[in-house]
Amino acid sequence: MAKRKSAKKQTVKKSSQPSPAKLISTVTNDAVPEQERVQASRGASAAVLKDEAYFKKTMEVVLDQSQPASVRHACLQALEVASFQTIKFEKYRKDYILMMRKLARDSDPEIRFSALNTLSCEKDGYAQKRLLDGLKTPDKALVEPEVALQLLGNDVHAEVYSVARELVKKPPSEQVKTEALKLLAADSSASKIFEKVLLDKSENTENRQVSAAALHSIKPKSLYKHAASIVKDNSENDEIQATCLTALGNFFSDQDVKADADLVKGIQTLKKKGKTQVKKQATQFLKKFAE
Amino acid sequence: MNELTGLTTVELDSLSEEAFAEFVDRTAQDPAQQEFLTEFLREDHPVYRERGTAAVIRMRGWILISLAKQQFPPSAVLYLLEELDTAIHAYAVAAAACALRSLPKPDQLYAPFLLRALTNIRYHDESVSLEAYGEYPDESTDTCAVGEILKTIRWLGPLAGSIQSELRNVNGLSISEQKELDHLVSSPQAADQDTPPVDDCCQLPAGVSNLFTWMRGTRADCTPVEQTVFEDQSGNLIRYGELFTGGPTVVVFFYTRCDNPLKCSLTITKLAHVQKELERRGLASQIRTAAITYDPEYDHAQRLAQYGKERNFQTGAQHRLLRTVEGFEPIKKHFKLGVNYTRALVNRHRIEVFILDSAGAIAASFERLRWDEAEIVEKAVEMLHEAETCAKKTDSTSVFQNRVFSAIGPFAALGAAFFPKCPFCWAAYASLFGVVGLEQIPFSPWLYPVLILVMLINLLSVWLRCQSTKKMYGFYFVFAGAVAILAGSFWNLPLAATSGVISTFAGSLISALKPD
């Protein structure tokens, strides 16, 4: 009896949901209020997979710059969700990529970012070319340079390392420098840049932390050497010391610790005198290695 | 300087993409320059240095398209098949499929490659423009990788019969592509039941080969890289000379950041299969396997270990994942690797497997196409048999050499025993040998110590020989003979000298016999 009731509930629930045709019709109807269209587009991701015509109509809404922004965003999101069903979506992929390339030049910045993000994740050559052009010639930029660097970082094989090095040398802003450093973490020939930034006390903390993380990835022995000297340096920044202690605590071996008696002394001092974050890391380190 | 372009090699290598495309267009128009242009398809060509992967794909694809506008050179067919075999970028696959149609004759052996390309590019396809360099279409054009593949299958006609059954199972394409495919599989041309099935295992058309071998004696020796130090997945350091000699080795190249699953990831997985096959045949301790990373700065020991573990690669003293620790350039040069870089990152590489002989020299290489594990094992076993045969020959040679030296010694002893002590004796000998003209040789007292020296050398060689065979009686005879000769020479005892010679001969012969 209970089973029949719940099956009945489900049937009632299903029949109250609009059909794919109704959903798409609502989404694409200019006369329908905006909120209703946005609501309808939430179900559109399943609908577009059922019929190529639904896909095309939804795509047209996204591409139509005269449509309300919220409706365009919602439809774009619906198509992005649908694309995760790779097998069913295969027949739409070519048109989807073409659409994204057009949207990369859209007047709506949110849509531009969304399109470039999708294309970058696909390691799309077109998107990479446009983003690089924007970094080299700011007039051609489609997004902010720090955003362009983030997006280009989705493909380690992108031709971006020379530009990133230039931006580290002459950054238009600290944000750009930080993103350029993050991107360069994939380039194992950039270790000297990271060593320099890590050891430079005048650098901002975030850049130094990014450099520590990059060195951990591409030249761990160098990180441990510099981390040990940073931890022993009483004039050093607390946050950097905490970062270095984390690196040493997680990746240093017993032998390395025993070989450096000054390191243990330095950490014991930090445990007594350091601020909360550093104290915590120092305690964990000593617990693991020296106590 | 290139006569056609008027540019030096350095200028050629730093061309912008647009200028490169113009250069390719001009060069491709001259049939005499086809082979020159084909050289630009090599991965290690300097023109690809410091370019991103997307740029390399555009440049190489454009070369294929441009070559196809004239007569596609036979020497470049392997590059076409390579793209169909392993490429996952739509532009590369489309360019290769399009260029294939420019060949003078369709061949049924292209069919499996087209099928493979269709499988590879599923879910990665996009609209492409093959008309102008670097163009990314804005509107739906009539071409994409799948479209070009289907056109080429149509070009093959009945020669595509061997892949018909697989094509019938393909669905999920766009409406127009599915229609085209359905038409291809249902057309009367397609229903050629007499087309013999093509072994999908990498049969190649005539004149195209991905296997290169070098006979013993012609192989470049490994002296330039003998001292190259590697670190393995466990952090152990070992030199090339220690690692790759004493037995044959299967060597592959890879890197952990390769984003083409059909290349590096599959290579290591297949090398693990090779290991299993060697194990099954009881050869795992005689034939080594090694995978060397193109990216030694990034691929640390831990990364290597993890990468191998995820692909069931078994590690041990005979089977390792390796990185160079003092620079990769000597290895790259020695193996003539097909790889290029942007900064330290690989931007393009080919599939390459090498079989090293027991001296660490390259005996065979499989390039570009996906290789067959069984074929690799067979080649490695060939090297193992070669090594065993050489070892037997060396033993025989050593025995022969020992016997020769053993024979020379006694004659020296004979000479020492009967060497004339003074000019009068010398004159007596000269008259005795006058019939054969030896009387013309002047008295040469310096010859006596030389003969003594040779006799002592014989004594030493017999001693060494007897030491190795653990049978000393040959030495005892030769020693006794030497003592008798010297005694006979100093105290003028002809009988002692004679018996000394006989004893020396006997001992030398006994020592030269093969031990039981």
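Which residues of chain B form one aromatic cluster? In this predicted model, the cluster consists of Phe230(B), Tyr240(B), Phe244(B), Phe253(B), Tyr255(B), Tyr294(B), Phe328(B), Phe335(B) and Phe354(B).

**Aromatic contacts**

Over all chains, the structure holds 26 aromatic pairs. A pair of aromatic rings is described by the distance of the centres and the angle of the planes. For Tyr126(A) and Tyr136(B), the ring centres are 5.6 Å apart and the planes stand at 65°, so this pair is edge-to-face. The contact crosses between chains, running from Tyr126(A) in helix α10 (residues 125-136) of chain A to Tyr136(B), which sits in the loop between α7 (111-121) and α8 (145-156) of chain B. Both Tyr126(A) and Tyr136(B) are buried.

Within chain B, the rings of Phe230(B) and Phe244(B) have centres 6.0 Å apart and planes at 80°, so they also make an edge-to-face pair. Phe230(B) belongs to strand β2 (residues 229-232), whereas Phe244(B) lies in the loop between α11 (240-243) and β4 (249-254), so the pair ties together parts of chain B that are 14 residues apart in sequence. Phe230(B) is buried, with a relative accessible area of 0%, and Phe244(B) counts as buried at 1% relative accessibility.

**Charges over rings**

Two contacts in chain B place the charged end of a side chain over an aromatic ring, as listed here.

| Charged residue | Ring | Distance from ring centre |
|---|---|---|
| Lys270(B) | Trp371(B) | 5.1 Å |
| Arg311(B) | Tyr307(B) | 3.6 Å |

The largest pocket has a volume of about 820 Å³. Its lining comprises 26 residues, of which Lys219(A), Pro220(A), Lys221(A), Tyr224(A) and His300(B) lie nearest the centre. The elements that give two or more residues to this lining are α15 (205-218) and α16 (220-232) of chain A, together with α13 (301-310) and β6 (319-324) of chain B. Among the contributors, α16(A) gives the most, with 6 residues. By class, the lining of the largest pocket has 9 nonpolar, 8 polar and 9 charged residues.

The second largest pocket holds about 550 Å³ of space. It is lined by 28 residues, and those closest to its centre are Glu122(A), Lys123(A), Gly125(A), His89(B) and Glu126(B). At least two lining residues come from each of α8 (93-103) of chain A and α4 (53-69) and α6 (90-100) of chain B, with α4(B) giving the most, at 4 residues. The lining of the second largest pocket divides into 10 nonpolar, 8 polar and 10 charged residues.

Terms used. Residues numbered from 1 in each chain as written. Chains lettered and ligands numbered in written order. Predicted model: local features only at pLDDT ≥ 70, side-chain atom pairs only at ≥ 80, totals over all residues. Heavy atoms only, no water. 1 Å grid on protein atoms, 1.4 Å probe; cavity = no way out; pocket = protein on both sides within 12 Å on 5 of 7 lines; lining within 4 Å. Points joined across faces, edges and corners; volume = space filled by probe spheres on them. Nonpolar A, V, L, I, M, F, W, Y, C, P; charged D, E, K, R; others polar. Phe/Tyr/Trp six-rings, centres within 6.5 Å; stacked < 30°, edge-to-face > 60°. Buried < 20%, exposed > 50% of the residue type's maximum accessible area, 1.4 Å probe, protein only. Lys NZ or Arg CZ within 6 Å of the ring centre and 35° of its normal.
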